[in-house]
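Please look over the following model with an eye to its sheet packing and its ring contacts. A short briefing comes with it.

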Amino acid sequence: MENGSIHGGEDEEYKTFLALHSPALKAAGIPPLYWKTLHYKLSNEVFDAGEVFGIMRVEQEGDDEGDDVEDENVHSRSNPGAEVSHKVIVTREDGLQACDPASPLQSRSQSLVTMWDIITVFTMWDIITLVTMWNIITLVTMWDITALVTMWDIITVFTMWDIITLVTMWNIITLVTMWNIITLVTMWNIITLVTMWDIITLFHMWYIITLVTIVYLVDHAWTYRVESARQQLLEIPGLLGRMASLMGLSFHGEAPDPDIVEQVLDNMWKFNQTYQLSQGSAEEKVPVWYIMDEFGSQVQHSSQPSCCMAPLFHAPQQIAYSVLWPLQDLGHGDEVTRDYTYGEADSLTILQENKEQLPVECPAHSVPEGSVLKVYSEMKQVLEHLKHPRFQFTEHEDEADILWKYTHIRDYRKLSEERPHVLLNQYPCETVLTTKDCLASVARRAGQGQGPRWLPRTFNLQTELPQFIRHYQKRQERGEDNHWICKPWNLARGLDTHITNNLDYIIRQRESTPKVVCKYLEDPVLFDREEVGLVKFDIRYMVLLRSVKPLRLYAYNVFWLRFANRSFSLDHFDDYQKHFTVMNYAEGVQLKQVHYDEFIPLFEKQYPQYPWKMVEDGQQVSSDRENRQTVTEDLNTLYGVSAAGEIFKSFAELFQAATSRPAPYGVCAYPSSRAIYAIDLMLKWEHTGGEERVMQPQILEVNFNPDCHRACLYHPSFYDHMFQTLFLDQAEQCPVTQIA
């Protein structure tokens with residue numbers, strides 16, 4: 001049974017179970033010793049935890065309790081922030097015996113020791129039997145000698161015939177007696193063997209029964225994704241009442257109460273657990289959240305847990321359960337606790353995911369004037385829209401002058417050694433910009449460690465949780481807004497993104513995908529949509545990185561806008577169309593399209609103090625950097641801090657910080673690399689004192705290989721402009737602005 005195998009013939013159902021679930025069982029850390037039992041219980045829907053465990057109500061203790069109780073509470077506590085009112089204990093009289101996962105044969109070893117003791121006892125009995133037999137034979141022999149002596153005396157009285165008759169009879173009696181003794185010993189040995197077999201059989205049965213009863217299934221009361229939680233509470237009969245009861249909230253009546261719904265949504269993060277499917281689309285891989293049933297939800301946290309719990313998705317039923325197994329022997333009345341951080345990924349492991357091979361040093365390659373460059377690309381947008389005569393497509397990667405790839409290049413070393421002249425559309429170590437955790441770390445270089453004005457305050461939940469909690473609590477004490485947004489390191493489109501001011505909610509995000517937590521913009525610059533009202537919007541700029549040393553950075557003069565569909569307010573953060581702007585991937589929602597040259601006059605009409613177009617035009621007209629800076633400063637003097645001027649300034653500062661250190665701590669200065677990035681940003685109001693306020697850009701993320709569908713749709717020459725600027729150094733012929 002150890003290592004997940006079956007002794008004897010391995011049945012096909014179990015083989016199928018292992019084929020489907022082995023990766024999940026290993027990922028969950030469930031010892032192989034229990035896999036066979038899990039298969040049996042899942043297949044037969046055996047929920048026997050109630051036969052072994054019970055829920056006990058805990059009376060609240062006063063402050064005058066002894067030190068022993070206080071010390072125990074250091075290691076065992078309820079869900080974070082909740083008062084302990086119940087706990088799970090062992091109710092079976094003989095308790096619960098744990099098997100060491102590191103030594104699956106522990107129980108069987110104990111069995112063998114016991115069996116050896118039994119065999120030893122019976123062997124000793126055989127020895128005693130043999131000794132007894134020897135003693136009997138000895139006594140018989142001695143009796144024979146005595147008989148012979150006695151017979152010598154009789155010789156003088158009886159005839160020889162009588163003597164022979166007596167001796168013959170005595171021998172017959174002796175042989176019969178010995179045969180009887182041998183028969184009895186043989187029978188005893190047979191009884192001994194039968195008894196030993198019965199003991200072995202009984203012990204084997206005990207071993208199986210023990211295994212079956214030390215791993216348990218826990219049902220889930222509610223499984224959901226965050227965006228549908230409110231709707232399910234309102235629409236699924238009985239769900240709201242059950243959740244309110246499980247969380248200890250007062251609820252009366254049948255009809256959903258909006259106030260109770262809000263309380264459940266707020267309190268559920270004290271009970272939530274999560275798992276993630278390993279297959280499917282990006283949307284299907286978004287973490288699923290669940291709340292265990294009334295039994296599982298009362299198992300409290302401990303830094304020294306007595307049991308372990310992990311989720312397991314049962315593919316045939318398409319249902320997830322939690323699996324519970326003991327880590328130590330538990331007696332009657334002992335508490336069942338678990339470690340809430342079980343299964344959390346090691347942050348040091350996560351940080352080692354970048355496996356790029358850095359290039360060797362090589363000279364910059366110049367493109368001969370008038371030459372035609374062969375381009376290899378698998379990207380449909382490039383193949384359909386790159387029309388410039390200086391570029392020609394090839395289907396053979398090994399003959400290309402330019403590789404414009406959709407996937408990340410990993411082995412730059414090989415390219416630099418074998419084909420240093422081949423130009424690329426990405427840089428080694430550009431992930432310092434394109435992953436949100438690294439982006440925040442790099443940006444701090446521009447803000448003397450605290451972060452620049454153009455990036456929301458950001459913490460890495462995997463490595464900076466204590467610092468974040470301290471910062472959160474200080475803001476709470478000062479009465480400042482404390483809404484935060486949790487984002488995965490490397491996902492876009494608002495997937496698995498959460499907005500809340502609930503600290504429990506934020507901490508729980510560590511248990512799903514690696515995330516950063518950023519200060520949510522509580523006072524964003526809004527855009528007045530006539531049909532909706534004041535809504536959030538964000539702006540996407542394309543920036544072109546021509547080289548790292550020296551730093552040459554351009555911004556495309558066309559930008560793109562995305563709008564929320566509902567008026568903004570600091571509530572209902574699960575309302576996607578109120579708080580998010582990415583609508584082009586969602587089904588059944590309106591996608592508001594406003595072109596940049598239509599947006600600018602509308603924006604300036606709403607905010608006449610901030611002349612967006614004048615600043616951009618001023619930077620475009622002035623080719624000299626010093627003149628551009630003078631124009632910007634003059635306009636800032638007239639109108640305060642201008643939006644576009646601050647936007648380009650923030651881009652320049654970001655890339656200066658990202659290229660200020662050598663790889664892998666900064667973008668690698670590989671002379672054959674070029675790249676375009678999409679920078680998404682918002683504007684927020686920043687108060688400078690008194691009644692004065694300014695628009696401050698807030699960079700949200702930097703995207704590698706962005707979706708350029710809209711760019712190509714409205715500007716068919718988009719890729720011509722990109723390639724001319726990056727590979728032919730013809731920026732002056734393209735609608736781009738050099739910003740660094």
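Predicted model: local features only at pLDDT ≥ 70, side-chain atom pairs only at ≥ 80, totals over all residues.

Residues are numbered from 1 along each chain as its sequence is written, and side-chain values use heavy atoms, with hydrogens and water left out.

**Sheet and packed helices**

- Helices (H or I, at least four residues) and strands (E, at least two) are DSSP runs, numbered from the N terminus.
- Three strands form an open sheet in the order β4-β10-β9, with antiparallel pairing; two strands pair if DSSP finds at least two bridges between them.
- β4 (216-218) and β9 (307-314) are the edge strands, each pairing on one side only.
- Neighbouring strands of this sheet are turned by 35 degrees against each other on average, direction ignored.
- β4 and β10 (residues 319-326) run antiparallel and are joined by three bridges.
- Valine 218 stands opposite serine 322 in β10.
- Helix α1 (residues 12-28) packs on the sheet and touches β9 and β10, its direction making about 145 degrees with that of β9. Contact means heavy atoms within 4.5 Å. Axes are lines fitted to C-alpha atoms, for helices over the stretch in contact, and angles run from 0 to 180 degrees between N-to-C directions.
- Helix α2 (residues 35-44) lies across β4, β9 and β10, at about 45 degrees to β4.

**Aromatic rings**

- The structure holds 46 aromatic pairs. Rings of Phe, Tyr and Trp (its six-membered ring) pair if their centres lie within 6.5 Å; planes under 30 degrees apart count as stacked, over 60 as edge-to-face and the rest as tilted.
- Tyrosine 14 and phenylalanine 17 are stacked, because their ring centres are 6.1 Å apart and their planes are at 20 degrees.
- Both tyrosine 14 and phenylalanine 17 are buried (under 20% relative accessible area; exposed is over 50%, partly exposed in between; 1.4 Å probe, protein chains only).
- Phenylalanine 718 and tyrosine 719 have ring centres 5.2 Å apart and planes at 75 degrees, so this pair is edge-to-face.

**Helix α22**

- α22 (residues 718-727) is mostly covered, with 10 of its 10 residues buried.
- Aspartate 729 follows α22 and has a positive phi, near 55 degrees.

**Valine 360**

- Valine 360 is in the loop between α9 (347-350) and β12 (373-377).
- Valine 360 is partly exposed, at 25% relative accessible area.
- The C-alpha atoms of valine 360 and tyrosine 670 are separated by 8.7 Å, although the residues are 310 apart along the chain.
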